[in-house]
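I opened the notebook to look up a few residues and their surroundings, and I write down below what I found in the order in which I looked.

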Amino acid sequence: MTASPASPASDAAASLLAELIAHGIRDIVIAPGSRSQALALAATRLARQGAMRVHVRIDERVAGFTALGLSRETRVPAAVICTSGTAAANLLPAAMEAFHSGVPLLLLTADRPPELRGVGANQATIQPGLFDPFVRLSLDAPVPGDGSWDGLAEKAVAAAMGADAAPSALPGVAGPVHLNLPSREPLSAGHGEESPVIQGSAPKGEPGEPFLLTRGLRTVVIAGADAGALAEEIAHAGTWPLIAEIVSGARYGRYIVHGYREMLRDDILGGRIQRAVVLGHPTLSREVTALLRRDDVQVVAVRSGGEELNLNGRTVAVASVTVAPGEADRFWMGAWMEASAASVVDLSEAAPDQEGLASTDFAERRDAVRAELEAVRRPLDRELLVDAVWRATWPHDRLMFGSSRLVRVADAVLGGKKVPVHSNRGLAGIDGTISTAMGIALASQAEGAAGVTRVLLGDLAFLHDVGALLLPPDEQEPRIQVVVGNDGGGTIFDSLEVASSAPREDLDRAFYTPHTTRLEQLALAYGWTYQRITTRAALDQALTTPVGGRQLIEVPLPR
Ligand code: TPP
């Protein structure tokens, strides 16, 4: 372990857990997540020291009920820890059951700091009071540093055991308690980046009249999840570079910027942006988030559904836009297009180059063919997987991305193509992905879409929603192909800043959460067809063979 500077979040988490132990808490159930890392790491550390027992469960609903079971048996509240967003909502059924049966239970939900609530920040929602009719006590703790968590544990345990009961509760009756625990980065001792404090509110454009996008400002158009085709139209109308997240459904047309992350970090391109026109909810890159936080950039957010976006505190929210006539800034556009062209990655690395193809020399051609064969036999990695899925998907198909690494890799490497893309990026939960795709399949296929609904997700997201595989016998059978990139756990957490300083065994247990589930047996048990695929050639074949019903494709990936 490297020496690490302190983090108020991890200090507060450590003392909260120590206090819980002092008040008799012995069992903690953890569901993995990044925002809750300080709590999870404090718990695993205490468990190693023998001060408490830690149990890890991937699905928060399961984690909640597991804690309920522990409390039921011991009549001492067990605590459950989860990350922010939809993760927290998955604790509701256990909270309700605990309330109605008088079982003590502590719900510890990690949260973003208050300044990131209600402004469209990633994975931030309204967590204080989330379980309110069903808890004996609900507290929204201060951000460590702004205030202290001292004394929270004592109050929480007392309320869970029935003392201090809320007016709605019978005194002396045990029940669930909710502690909402926000923190700012650094989330763990050692590393982290500070998120700026965001203040102020957005001036509103007049609803009804379109906001005029004048000429003369160096502009980019940004399309996040659920942005739709309007983003491409605006880029087209203004001759502006289009940064379209892969989940936007707007990654097509002449104005697409490939490899945009690098360009946004570049002083000459990203550094000189004066205006960003945003559609939908971008969440997939730190670079876009950083751009939307800048106060030297005029951010114009074209509102559709979803939460208002205002990361820099002065974003202009408008209902619609129109582009002023006039000269396009060809120099600005040209600079982006040049950088974009230079960044295009050729994923068929071993494919013969133009010269090789044109050559009449037999040996050279033979080598080229061999190299190509080599490429299709090459073991799959994330880039090849997302590329194969993207190539196999057409406008009559639907493509649903799970949240986690694959969608980010797809966003980073895939080129332009007009296909209908979906994702649950409103809160970026890993729950409900297959269920959502089942709905998309049923709806699109009822409307006559001839294609298939294809889902690309990680193994934990798959296991989180395995219940969605169940289809009662008389239900309409969708054509759905679920492609699981199985790297044996949540490898997205390998990139947490804290990964270089916390003990490997704790990180593996509470974040990566390894498993050896046999997906084949799950698929067969639920009546899905199953294929395990290890080469590009086999993957292309599987993805281009028409799908008749429910199909699971497992692609093993290296960690
Ligand atoms: N719980 C919910 C409901 N949503 C979340 N986003 C999280 C927890 C935190 N979380 C984000 S990514 C992730 C978790 C647990 C791991 C996902 O693992 P997997 O689906 O296997 O994808 P990989 O990281 O391997 O790409």
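The model is a predicted one, in which local features need pLDDT of at least 70, side-chain atom pairs count only at pLDDT 80 or more, and totals for chains, interfaces and linings use all residues. Residues are numbered from 1 along each chain as its sequence is written, and side-chain values use heavy atoms, with hydrogens and water left out.

**Entry 1, Asn486.** Which residues does Asn486 touch, not counting residues up to four places away in sequence? I found Asp459, His515, Leu519, Glu554, Val555, Pro556 and Leu557. I also noted that Asn486 is buried, at a relative accessible area of 12% (buried is under 20%, exposed over 50%, partly exposed in between, with a 1.4 Å probe and protein chains only).

I searched the whole structure and found three aromatic pairs, where rings of Phe, Tyr and Trp (its six-membered ring) pair if their centres lie within 6.5 Å, and planes under 30 degrees apart count as stacked, over 60 as edge-to-face and the rest as tilted. In one of them, the ring centres of Trp332 and Trp336 are 5.7 Å apart and the planes stand at 70°, so this pair is edge-to-face. I saw that Trp332 is buried at 3% relative accessibility, and that Trp336 is buried at 0%. For Phe493 and Phe511 the centres are 5.8 Å apart with planes at 65°, so I recorded this pair as edge-to-face. Phe493 is buried at 14% relative accessible area, and Phe511 is buried at 1%.

Methods: Contact means heavy atoms within 4.5 Å.
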